[in-house]
Each structure stands twice: as C-alpha cells, then as structure tokens.
Amino acid sequence: MEVWTVIPKMAIALGVATVSMVSEIQFRGTVSSPTQVGAEYIVFETYQNNHVRGLVYIQNSDIGSCFEGVFNSQQTQIQQITYTYPVIVNNHDEGWETNVSDEALNLSTFSHSFNSSEINENVQAWFNECLEVISNPLE
C-alpha cells in the first residue's frame, strides 16, 4: 500500500520526494477585459527551472494551442516553445499534433494581467486538458 503525505509544493511517497514547485496561474490578455470576444489571451503555470506550461487562445473561438517552454524573466518571454494542439478533421477529433517554434512568446504583448478566478469555465477546462496532454503526451 502506498502512503502519500502532501506538503505544500511537495509530495513524498515512500521516502522519495517529487518536487513540482508550481507557481500560481498567470492569466494575461492583449486587452483590458478578461472576456473580450476575439481578443488573445494566455494562461500558464511556471514550474521549477522556469519551465512553463499553458494555453494561448482567442476568446470565444476554438482557436488556441497548448504550449510548454522556458520563461526568460529578463526578456519577459517564453522561449524554446513546443505547441500542442488538437487535430480536427470533419468535426472529428483526430488526436494531437506537436510543433516546435523558433519564435518566442513576448509577454509584453499580453500587457493586461487578470486574476485567475476570472478564467471562464470552458477556458479552465481547456487549460487543464493542456496540462494533462503536455505532461502525458499522446501519440
């Protein structure tokens, strides 16, 4: 029987520590409203070694992509980005596709910060799916 003791930001299982060190969720947009139709937003979490996982999307659309990369705080950019997005053919989910980008995501483009409680339910579900897909890549 496995016994887990949960300590903030750390789980210890059978004497072996696994550190996740997740920061709070960052929610940013290109406009001053967290729900403006057609505006671009980014939601992400930062982990140890400035590794980030998240979602960049356009409000009230199915346009968006999960991503992972490395946050460069000096340049306020997310670099070394791999995008993962669903492949839809004839309204049928065909799985996930991954793309490595040479370009950085400049966070100054997303100049408006919001409270993570302002993330709508559909976006939160999409973000959670991104975290799951990125941590458990699908073939």
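How much accessible surface does the protein chain have, and what share of it belongs to carbon and sulfur atoms? The accessible surface comes to about 8,800 Å², of which 48% belongs to carbon and sulfur atoms. Accessible areas come from the Shrake-Rupley method with a 1.4 Å probe, and for residues only the protein chains shown count as cover.

## Basis of the report

The structure is a predicted model, in which local features need pLDDT of at least 70 and side-chain atom pairs count only at pLDDT 80 or more, while totals for chains, interfaces and linings use all residues. Residues are numbered from 1 along each chain as its sequence is written, and side-chain values use heavy atoms, with hydrogens and water left out.

## Overall architecture

The protein chain has 1 helix and 11 strands. Along the sequence these elements follow the pattern β-β-β-β-β-β-β-β-β-β-β-α. Helices (H or I, at least four residues) and strands (E, at least two) are DSSP runs, numbered from the N terminus.

Of the 139 residues of the chain, 34% count as buried. Buried means under 20% relative accessible area, exposed means over 50%, and partly exposed lies in between (1.4 Å probe, protein chains only). Among contacts between residues at least 6 apart in sequence, 41% join residues at least 24 apart; a contact means heavy atoms within 4.5 Å.

## Strand pairing around S4 and S5

Strand S4 (residues 26–29) pairs with strand S5 (residues 40–46) in the antiparallel sense over 4 bridges. Two strands pair if DSSP finds at least two bridges between them. Within this pairing, Arg28 has Ile42 of S5 as its bridge partner, and Gln26 stands opposite Phe44 in S5. S4 also pairs with strand S11 (residues 112–114), in the antiparallel sense and over 3 bridges. There, the bridge partner of Phe27 is Phe114 in S11.

S5 is mostly covered, with 6 of its 7 residues buried. S5 and S6 pair in the antiparallel sense over 7 bridges, and Val43 stands opposite Leu55 in S6. These two strands form a hairpin with 4 residues between them, and Asn49 in the turn has a positive phi of about 60°.

Ile58 is found in strand S6 (residues 51–58). Ile58 counts as partly exposed because its relative accessibility is 26%. Leaving aside neighbours within four places in sequence, Ile58 is in contact with Gly38, Ala39, Glu40 and Ile63. Val37 is 21 residues from Ile58 in sequence and 7.7 Å from Ile58 in space, C-alpha to C-alpha.

Ile78 lies in strand S8 and counts as buried, because its relative accessibility is 0%. Not counting residues up to four places away in sequence, Ile78 touches Ile42, Phe44, Val52, Phe67, Gly69, Val70, Phe71, Ala104, Leu105 and Leu107. Ile78 and Phe67 are 11 residues apart in sequence and 9.8 Å apart in space, C-alpha to C-alpha. Gln77 is also found in strand S8; at 18% relative accessibility, Gln77 counts as buried. Beyond neighbours within four places in sequence, Gln77 is in contact with Val70, Phe71, Asn72, Ala104, Leu105, Asn106 and Leu107. In a regular strand the side chains alternate between the two faces of the sheet.

## Loops on either side of S8

Thr76 lies in the loop between strand S7 (64–72) and S8. Thr76 has a positive phi of about 45° although it is not a glycine. With a relative accessible area of 35%, Thr76 is partly exposed.

Asn91 lies in the loop between S8 and S9. The phi of Asn91 is near 60°, a positive value in a residue other than glycine. Asn91 is exposed, with a relative accessible area of 81%.

## The largest pocket

The largest pocket has a volume of about 280 Å³. Its lining consists of Asp62, Ile63, Gly64, Pro86, Ile88, Asp93, Trp96, Trp126 and Glu129. Strand S8 (77–89), strand S9 (92–100) and helix H1 (121–135) are the elements that give two or more residues to this lining. By class, the lining has 5 nonpolar, 1 polar and 3 charged residues. Here Ala, Val, Leu, Ile, Met, Phe, Trp, Tyr, Cys and Pro count as nonpolar, Asp, Glu, Lys and Arg as charged, and the others, Gly among them, as polar.

On a 1 Å grid over the protein atoms alone, a pocket is an open set of points with protein on both sides within 12 Å along at least five of seven lines, and lining residues have an atom within 4 Å of a point. Grid points are joined across faces, edges and corners, and a volume is the space filled by probe spheres set on the points.

Note on methods: 1 Å grid on protein atoms, 1.4 Å probe; cavity = no way out; pocket = protein on both sides within 12 Å on 5 of 7 lines; lining within 4 Å.
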